[in-house]
Amino acid sequence: MNIFKKTIFSVLASLLIIGNVSASDKIKIGTEGAYPPWNSKDASGKLIGFEVELAWSLCRYMGKQCTIVEQDWDGMIPALIMRKFDAIMAGMSITAERQKAISFSQGYADEVASLAVMKGSDLEGIDTPEGVNLTLGGSTVNKALKTLTSALAGKTVCTQTATIHQNFLESGDVGKINLRTYKTQDEVNLDLASGRCDVALAAAVAFTDYSEKSGKPVVLVGPTFSGGAFGNGVGVGIRKDDTELLKSFNKAINQARKNGDISRIATKWFGFDASM
Amino acid sequence: MDLELMINSFPKLLNASIITLKLLSVSLIIGLLIGLIFAILRLNKNIFINRFAYGYSYVFRGTPLLVQIFIIYFGLGQIEYLRSTFLWIILKEPYWCAIIAFALNTGAYTSEILRSAFQTIKPGMIEAGKSLGIPSKIIFYKIQIPIAIRQSLPAYGNEIILMMKGTSLASTVTLMDLTGVAKYIISTTFKPIEVFIVAGGIYLFMTFIIHNVIKFLEKRYGFSQ
């Protein structure tokens, strides 16, 4: 009987060791699940969205077994550093500030930011160019920022915490505003609709998605923003010491791009090709 | 451990604790008033008044503070009719929504603390007052209330400390209190441990002060039986 027990024990132990050997083929990807259409949850609580589908596709290219886990936005980078998961795919733009803490793969998608108000707001008629690229600068950009500065003066501007949108609003480019930050984009949308926020800033699709699903008259105003504080596209966030994983993600993104997978999935979720 | 970050974030966090103390003191004052009124209502012989007061404390002690804040802040914000009334002037502001939630919550606990304190007053004391010909209203204000307040000091001190920690939930409705600013610093430095240790230290210090003030008051106004 004793020998029998020992055998079972050693078999179990060896199984555990084998399991460990293949552990590098298993990765966990963290996402927020609250920023449609990038990533969100369906009625049954299952994670869905552009990045969820793209993650499965990239994992197939890398030949890795992936699990996608949920993490609150404001704890996303600390959770990655503390090894709760191995990669972030959560609509996270590549910015210099974040690159001090983590590495990013090449960008896989890009999407412009926009201000939004409720229909009937006095900001609706604001006269600015269609798009503003902060990296380019120049007199048109400066003029647009000046118009925005006077339009936003004294207004309550709402955005999600720890985002490129918050960075931009705090940069002083649009002067001193009454800024309010929220844990999730859902909460920003709720307070925009209730009238607590005069105007909100987020990815343009986040507002159009909300407007479509809730039927609330949310209107995009002002220019679309890119460059500068808005970063250089959205990439996969990876721990700095995890260079192997970074390489395989970059390779997988290249392959997925070449085969048209990224643009196909992007078109499916955004309604236009947001891939890059 | 990033010691420099801890030192740098300390003044910012200390500054933010002013909002925490403001939230705490305003909601405690309103809450004490609510608590006193509802404790008196609980002692009323009329079954409807009694049940109403019991229902209030039952609901607010039986649901999480976070849920109460969310209902008051996001929930009431959804009711379109409310937005056209004067109430919206108050409910529009996250600060007042937090105060309303905190005051109603602590009011419910305070009413229970005071009620049990009233009930521990020995009938002999009231009878002694009556035998001296003191009107029952005066007995209530001059004998029952002071004794009840003394009796409830230890439990109420606990409630103050619980409420102080409860104010950290104000950060969920965009207020930049101690926890809110701590989260903000973390969002730019990505170092939660250092910042939360400093924030926790400040909370602990506030508890230390409250605890000692209550202890002092207990000694000063307490009586041995």
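Colleague: Which residues in helix 1 of chain B meet residues in helix 2 of chain B?

Modeller: Please bear in mind that this is a predicted model. From helix 1 of chain B, the residues are B:F38, B:L41 and B:R42. Their counterparts in helix 2 of chain B are B:I49, B:N50, B:F52, B:A53, B:Y54, B:Y56 and B:S57. Sorted by class, this contact has seven nonpolar, two polar and one charged residues.

Colleague: How is the geometry of such a pair to be described?

Modeller: Two packed helices are described by the angle between their axes and by the distance between those axes. Here, helix 1 (residues 3-42) and helix 2 (residues 47-62) of chain B have axes that come within 8 Å and cross at roughly 135°. Angles over 145 degrees would count as roughly antiparallel; helix 1 and helix 2 of chain B are therefore oblique to each other.

Colleague: Is the crossing of helix 1 and helix 2 of chain B left-handed or right-handed?

Modeller: The crossing of these two helices of chain B is left-handed.

Colleague: In what order do the strands of the open sheet in chain A lie?

Modeller: The five strands of this sheet follow the order 4-1-5-13-6, and their pairing is mixed. Strand 4 (65-70) and strand 6 (103-104) of chain A are the edge strands, each pairing on one side only. Within the sheet, strand 5 (residues 87-88) and strand 13 (residues 237-238) of chain A run antiparallel and are joined by two bridges. A:A87 has A:I238 as its bridge partner in strand 13 of chain A.

Colleague: Which strands does helix 2 of chain A lie across?

Modeller: Helix 2 (residues 50-62) of chain A lies across strand 1 (26-31) and strand 4 of chain A, and runs at about 160° to strand 4.

Colleague: Where in chain A does pLDDT stay under 50?

Modeller: That stretch is residues 18-22 of chain A, for which the model has zero contacts beyond four places in sequence. Chain A averages a pLDDT of 91, with 92% of the residues scoring at least 70.

Key. Residues numbered from 1 in each chain as written. Chains lettered and ligands numbered in written order. Predicted model: local features only at pLDDT ≥ 70, side-chain atom pairs only at ≥ 80, totals over all residues. pLDDT = per-residue confidence, 0-100. Contact = placed C-beta atoms within 7 Å. Axes fitted to C-alpha atoms, helices over the stretch in contact; angles between N-to-C directions. Helix = DSSP H or I, 4+ residues; strand = E, 2+ residues; numbered from the N terminus. Parallel < 35°, antiparallel > 145°, perpendicular 65-115°, else oblique. Left-handed = near helix turned anticlockwise from the far one by under 90°. Nonpolar A, V, L, I, M, F, W, Y, C, P; charged D, E, K, R; others polar. Pairing = 2+ DSSP bridges.
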